[in-house]
Amino acid sequence: MCGIVGLFIKNQALESQLGALVAPMLSEMTERGPDSAGIAVYRNPQENGCKITVLAQHQDFDWGALEAAISNHFSLRDITVTRNHAVLSLDSEIDDVQVWMRDNWSDLSITSAGTNIEIFKGKGNPAEFIDQFDIKSMTGTHALGHTRMATESAITTEHSHPFSTGQDLCLVHNGSLSNHNRLRETLRKKGVHFKTDNDSEVAAGYLSWRLSEGDDLDQALNHAIEDLDGFYTFAIGTRDGFAVMRDPIGCKPAIMAETDDWAAMSSEYVLLQLCQALKMRAFGSLNQLRFIAGKGVNND
Amino acid sequence: MTEINLEKSTIRELNEALQAGSSGDKFSVNNTVGKHALSVGLTTKVDVEINGHVGYYCAGMNQQANIIINGNAGPGLAENMMSGQVRVTGNASQYAAATAHGGLLVIEGDSSSRCGISMKGVNIVVGGNIGHMSAFMAQSGCLVVCGDAGDALGDSIYEAKIYVRGKVKSLGTDCIEKEMRDEHKKELQQLLSQSKMSHVEEFRRYGSARKLYNFDIDQVDDY
């Protein structure tokens, strides 16, 4: 069992409240996932540049050394360090930066890459995560959050969601996949990198691979329904919004609501708290699924 | 009428108060915000009106109590109900009335997948549609659906009876359409009027072909 939340702001005036609205949704998912938490937030788009989030394996990582080294190779616009994460904005080619990071900084892992996305995650209680990363003060257009109750693999920050699936793409998962070991081996042979033995990371890797093969997001998700075996509700973040997909027998929950100002999804009805906070009525029924702010497929 | 506000009371306080109620007591429950396990394990004839949406396992194990939910219900509504009545004015999520032994569950809206799974004597009346795998391994009781039914209705069913007014997407293994005789019309009429549902015509009846009761090597593919 895990908890997923997503919020897309349609009314620009509310973008400054994104974190303040998502934090209580994530916090309410603690019972579904007390082991770790994570968030993907879309904000501060880098025009003609790129942005990557990196995660250090140790709290005492020397970020100054990284800043000096990266400035020698690339045109660094900004580096913002939050605990064991850093967001780097650069004027450089994103692929070059990622290759350089992988080749030279093995104790860092890249949690996200793109122009808008930033991914933060941490072990432990979601409430601590929310405080440590000051989620409540985050601004942005949309965010996906996850609380994890580990069933398939170890509890570490790297096993935590969201998983990056490509530039400005990420995935959070509630459920478990039964064919992830074989699929991971197949994808490795096709050149997909995996950092953990986690099943959800395989789903993320699968989508990355389909997209690199030329699928658009709709096609990649439809292929995923064919090739992923198990139980899942996925929320997939894109630069423009997010999508929600469930397995064909609908084992895992998803509740969605939309108003003129925002669209939201959650594993539980708790998102109605958000609606109350905004003094609005949610609509949409249980098990109703569709893409938010994008081209849609129905997978009810 | 005793009012319980879940902004102030915990779920445990709510359930303790309801379980301590005497026959005829009335309760109203407010500010539910999708909370789980509301109004569970009641054993007396109390009336409970829940105003708002509820999360998982509302009205579980109910005996005798009459529970109305003015809103939608999450998964596991009235699970293992023994007797009494539960009514939800909106929709219900997965596996409503799973394993329930008795009583009446009325869902005015739609019910999601696995409605009445392994039902053992409960009567369920759904005003709208039901999802896939409903009445899977249903043993006894009636499932009445005023709308349509999803895939694999009544798979591996025993002696429960299913009445559907709309379309059935597909029948599960060993579930077949059966003749609507007078006794069935009477039973259906009674359940619909008890549930305050107006449709009485056009129902079809489904039940067990009774071919899976004993293992038969020739039918191994059906299991």
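Author: Two residues are in contact if their C-beta atoms, placed from the backbone, lie within 7 Å. The model is predicted: local features need pLDDT of at least 70, side-chain atom pairs count only at pLDDT 80 or more, and totals for chains, interfaces and linings use all residues. Residues are numbered from 1 along each chain as its sequence is written, while chains are lettered from A and ligands numbered from 1 in the order in which they are written.

Reader: Among the contacts in chain A with a separation of 6 or more, what percentage is accounted for by residues 24 or more positions apart?

Author: The count takes contacts in chain A with a separation of 6 or more. Within that set, the share of residues 24 or more positions apart is 71%.

Reader: What is the mean pLDDT of chain A?

Author: The pLDDT is the predictor's confidence in each residue, from 0 to 100. In chain A, 90% of the residues reach 70 or more, and the mean is 87.

Reader: Over which residues of chain A is the pLDDT below 50?

Author: The stretch concerned has 53 contacts in the model beyond near neighbours in sequence.

Reader: How many helices and strands does the secondary structure of chain A come to?

Author: Helices (H or I, at least four residues) and strands (E, at least two) are DSSP runs, numbered from the N terminus. On that basis, chain A comes to eight helices and 14 strands.

Reader: Which are the edge strands of the open sheet of six strands?

Author: Two strands pair if DSSP finds at least two bridges between them. In this open sheet the pairing is antiparallel and the order is β7-β2-β8-β1-β14-β13 of chain A. Two strands each pair on one side only, and these edge strands of chain A are β7 (117-123) and β13 (255-258).

Reader: In strand β14 of chain A, which residue stands opposite A:V5?

Author: Strand β1 (residues 2-9) and strand β14 (residues 262-266) of chain A pair in the antiparallel sense over five bridges. In β14(A), the residue opposite A:V5 is A:S266.

Reader: What angle does the direction of helix α1 of chain A make with that of β1(A)?

Author: Axes are lines fitted to C-alpha atoms, for helices over the stretch in contact, and angles run from 0 to 180 degrees between N-to-C directions. Helix α1 (residues 18-28) of chain A packs on the sheet, touching β1, β2 (36-42), β8 (142-148) and β14 of chain A. Its direction and that of β1(A) make an angle of about 160 degrees.

Reader: Why is α1(A) described as largely enclosed by the rest of the structure, and how many of its residues are buried?

Author: A residue is buried if 20 or more other C-beta atoms lie within 10 Å of its own, exposed if 12 or fewer, and partly exposed in between, with C-beta atoms placed from the backbone. The buried residues of α1(A) include A:L18, A:V22 and A:M25. The helix is largely enclosed because, of its 11 residues, the number buried is nine.

Reader: By how many degrees are neighbouring strands of the open sheet of four strands turned against each other on average?

Author: This sheet of chain A has the order β9-β10-β11-β12, with antiparallel pairing. Its edge strands are β9 (163-166) and β12 (241-246) of chain A.

Reader: How many residues lie between β11(A) and β12(A) in their hairpin?

Author: Eight bridges join β10(A) to β11(A), and β11(A) pairs with β12(A) in the antiparallel sense over six bridges. A:G237 stands opposite A:F242 in β12(A). In the hairpin, the number of residues between β11(A) and β12(A) is two.

Reader: Is A:V172 buried or exposed?

Author: A:V172 lies in strand β10 of chain A and, leaving aside residues up to four places away in sequence, touches A:I4, A:L144, A:H146, A:H161, A:P162 and A:A235. Because 30 other C-beta atoms are within 10 Å, A:V172 is buried.

Reader: How many residues of domain 2 of chain A are in contact with domain 1?

Author: Domain bounds come from an automatic or database domain assignment, which divides chain A into domain 1 (1-43 + 124-300) and domain 2 (46-115). From domain 1 of chain A, 11 residues take part. From domain 2 of chain A, the number is 10.
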